[in-house]
Amino acid sequence: MHFARFDRVRLAHLPTPLEPMDRLSKALGGPRLWIKRDDCTGVSTGGNKTRKLEFLLGEALAQKADVIITQGATQSNHVRQTAAFCARLGLECHAILEDRTGFDDPDYRLNGNVLLDALHGATIEHVPAGTDMVAACETAAAEFSGKNKTPYIIPGGGSNPTGALGYANCALELVNQANDMGLPISRILHATGSAGTQAGLVAGLRAINAGIPLLGIGVRAPKDKQEANVFALAQATADKLGCPGVVSRDDVVANTDYVGPGYGIPNAATIAAIETFSQLEGLLLDPVYSGKGAAGLIDLVRKGAFADDQNIVFLHTGGSAGLFGYRSFFKEPEIRNLVT
């Protein structure tokens with residue numbers, strides 16, 4: 001895979017670390033667990049979207065764009081990273097945020113990622129649940145075009161073949177790290193939503209014949225729909241890479257047992273996973289993606305889904321800024337006064 005032939009803006013801190021999670025492995029008593037730290041990509045608290053944005057905004061600059069339009073849920077990690085990337089490049093950013101949860105908590109609507117969107121200088125447009133987000137972006141683009149601007153639309157999650165190149169490249173990076181460490185990876189797990197991360201990884205792993213199975217832990221769509229979305233995008237990404245047909249339907253596997261009440265709504269298992277990673281490994285997950293992915297990982301280990309001699313890699317997609325929008329889901333800190 002020759003990524004230098006694609007337009008790209010190199011702002012991410014790469015390669016991200018690949019680290020053991022020894023305390024979590026011991027606590028769960030199963031396989032040895034590792035973590036790929038894509039929460040450390042370097043732009044506005046990091047996250048998986050930064051890899052995608054390197055290629056998306058490279059393409060935008062090649063097209064002479066001066067305003068970026070994108071969309072996501074209220075506490076979108078993607079929107080926050082896009083706004084930050086635009087700030088670094090001197091581009092305008094217009095963000096359309098959809099209310100997918102119905103939460104009216106001021107922390108959810110104004111804190112966390114939303115606060116950072118504004119700090120990075122993005123203009124923010126709130127729309128109700130069920131809005132046609134593609135049409136909303138196109139309407140905004142037309143308005144900017146009417147003001148003699150050159151807009152570039154990034155889909156939700158940065159999930160199109162251009163964005164997915166970031167995770168095809170990540171597959172190559174991860175396998176090279178494992179090779180250098182002498183680490184035979186048995187399986188990779190991560191949270192999957194808009195499909196771009198999983199599709200890019202699938203295409204990349206198949207293109208280099210890595211032989212490592214990948215499991216996406218779904219956070220929104222039913223299993224059949226999620227796998228269909230990932231497969232279609234993985235095929236398109238492989239085409240863009242110049243290796244059409246390398247991805248088969250059997251390469252795409254999603255487990256959607258951990259979605260809980262719905263997208264963006266954490267349940268008890270999500271909160272427990274966030275607390276477990278925080279208290280055992282000092283790692284911060286988010287309530288929408290990585291928290292649900294980690295809940296799936298923990299449950300599958302406890303159910304004996306992996307052999308004790310296997311090495312399982314959890315890809316951390318970032319999103320810790322979102323925790324501050326979900327403060328009401330966590331216990332209030334216990335403050336103890338020392339008696340002197």
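Which strands does helix H7 lie across? In this predicted model, helix H7 (residues 161-181) lies across S1, S2 (32-37), S7 (187-192) and S10 (311-316), and runs at about 130° to S2. Helices here are DSSP runs of H or I with at least four residues, strands are runs of E with at least two, and both are numbered from the N terminus. Angles are taken between N-to-C directions on a scale from 0 to 180 degrees, using axes that are lines fitted to C-alpha atoms, for helices over the stretch in contact. Residue numbers start from 1 along each chain as its sequence is written. As for what was counted, local features need pLDDT of at least 70 and side-chain atom pairs pLDDT 80 or more, while totals for chains, interfaces and linings use all residues, and side-chain values rest on heavy atoms, with hydrogens and water left out.

The sheet under discussion is an open one of six strands, with mixed pairing and the order S1-S2-S10-S7-S8-S9. Two strands count as paired if DSSP finds at least two bridges between them. S1 (18-20) and S9 (254-255) sit at the edges with a single partner strand each, so one side of each has no neighbour in the sheet. At the S9 end, S8 (residues 214-218) and S9 pair in the parallel sense over two bridges, and Ile217 has Asn255 in S9 as its bridge partner.

Then there is a second open sheet, with four strands in the order S5-S4-S3-S6 and parallel pairing. Its edge strands, S5 (123-127) and S6 (151-154), each pair on one side only. On average, neighbouring strands in this sheet are turned by 20° against each other, direction ignored. S3 (residues 67-73) and S6 run parallel and are joined by four bridges; Ile68 has Tyr152 in S6 as its bridge partner. Helix H2 packs on this sheet and touches S3 and S6, its direction making about 155° with that of S6. Helix H3 (residues 77-89) lies across S3, S4 (92-98) and S6, and runs at about 160° to S3.

Back to H7, now with its helix neighbours. H2 (residues 49-62) packs against H7 at an angle of about 135°, with the axes 7 Å apart. The two helices are therefore oblique to each other; angles under 35 degrees count as roughly parallel, over 145 as roughly antiparallel, 65 to 115 as roughly perpendicular, and the rest as oblique. H2 passes H7 in a right-handed crossing, meaning the near helix is turned clockwise from the far one by less than a right angle. Ala, Val, Leu, Ile, Met, Phe, Trp, Tyr, Cys and Pro count as nonpolar, Asp, Glu, Lys and Arg as charged, and the others, Gly among them, as polar.

H7 also meets H8 (residues 196-207): their axes come within 7 Å and cross at roughly 50°, which makes H7 oblique to H8. This crossing, too, is right-handed. Ala164, Tyr167, Ala168, Cys170, Ala171 and Val175 of H7 meet Gly196, Thr197, Gly200, Leu201, Gly204 and Leu205 of H8. Here the residues divide into eight nonpolar, four polar and no charged.

How values were computed
Contact means heavy atoms within 4.5 Å.
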